[in-house]
Amino acid sequence: MTSASAPWRPTTCIYRSAAGEVLVDVSGWFPATSDLRALSPARLLDTRYGVGAPKAPIGKGRAISLQVTGRGGVPASGVKAVVLNLTATRTQAAGHLSAYPSGGARPNTSVVNYGRDETIANSVIAKVGAGGKVGIFSWAGVDAIVDVQGYVLN
């Protein structure tokens, strides 16, 4: 475990399970007065085991609607976006995942790009859509894992 001082937090802990180099990028920050609320990570979706959706990969060109409000520490209402870690695993071909407000138009952008037989993750702040859900679209067959790490109040 490695700790590093950061001006906005007394320490930041980084854990690695094997020897190797670690690279940390800061993508941004929110002031303490913002509407962002951090959470301890909680698993909302794992299609390998039927958590949050049926136990099956997301099919090629398909989307699932993931309930995010009222789960994993996210309030049931008053939330406009969630901070997610989205992982693609057991990928069947090269493709990408998109995250978007459920019930809305699917964007032509990706949040995770993957090759065949890869496991790869990325963080995303996704708007919450109809019924407190986020749509997850897959370009190719893939198992998806989603952990919530925070939310943004309305």
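Is Asp117 buried or exposed? Asp117 is exposed, with a relative accessible area of 63%; exposed here means over 50%, buried under 20%, and partly exposed in between, with a 1.4 Å probe and protein chains only. Asp117 has a positive phi of about 60° although it is not a glycine, and it lies in the loop between β7 and β8 (120–127). Strands are DSSP runs of E with at least two residues, numbered from the N terminus.

The model is predicted: local features need pLDDT of at least 70, side-chain atom pairs count only at pLDDT 80 or more, and totals for chains, interfaces and linings use all residues. Residues are numbered from 1 along each chain as its sequence is written, and side-chain values use heavy atoms, with hydrogens and water left out.

A positive phi is also found at Arg90, about 50°, and Arg90 is not a glycine. Arg90 sits in the loop between β5 (79–89) and β6 (95–101).

β6 and β7 belong to an open sheet of 4 strands with antiparallel pairing, in the order β4-β9-β6-β7; two strands pair if DSSP finds at least two bridges between them. β4 (62–67) and β7 (112–114) stand at the edges with a single partner strand each, so one side of each has no neighbour in the sheet. From one strand to the next, the twist averages 20°, taken between lines fitted to C-alpha atoms, with angles that run from 0 to 180 degrees between N-to-C directions. β4 and β9 (residues 133–138) run antiparallel and are joined by 6 bridges. Within β9, Gly135 is the bridge partner of Ser65.

β5 and β8 belong to an open sheet of 4 strands in the order β3-β10-β5-β8, with antiparallel pairing. Its edge strands are β3 (36–46) and β8, each of which pairs on one side only. Here the twist averages 20° from one strand to the next. β5 and β8 run antiparallel, joined by 8 bridges, and Leu86 has Asn122 in β8 as its bridge partner.

The largest nonpolar core has 29 residues, and Val82, Leu84, Leu97 and Val134 have the most contacts inside it. Such a core is a set of buried Ala, Val, Leu, Ile, Met, Phe, Trp, Tyr and Cys residues joined through side-chain atoms within 4.5 Å. The elements giving two or more residues to this core are β3, β5, β6, β7, β8, β9 and β10 (143–153). β5 gives the most, with 5 residues. Leaving aside neighbours within four places in sequence, Val82 is in contact (heavy atoms within 4.5 Å) with residues including Val68, Val124, Val134, Val148 and Tyr151.
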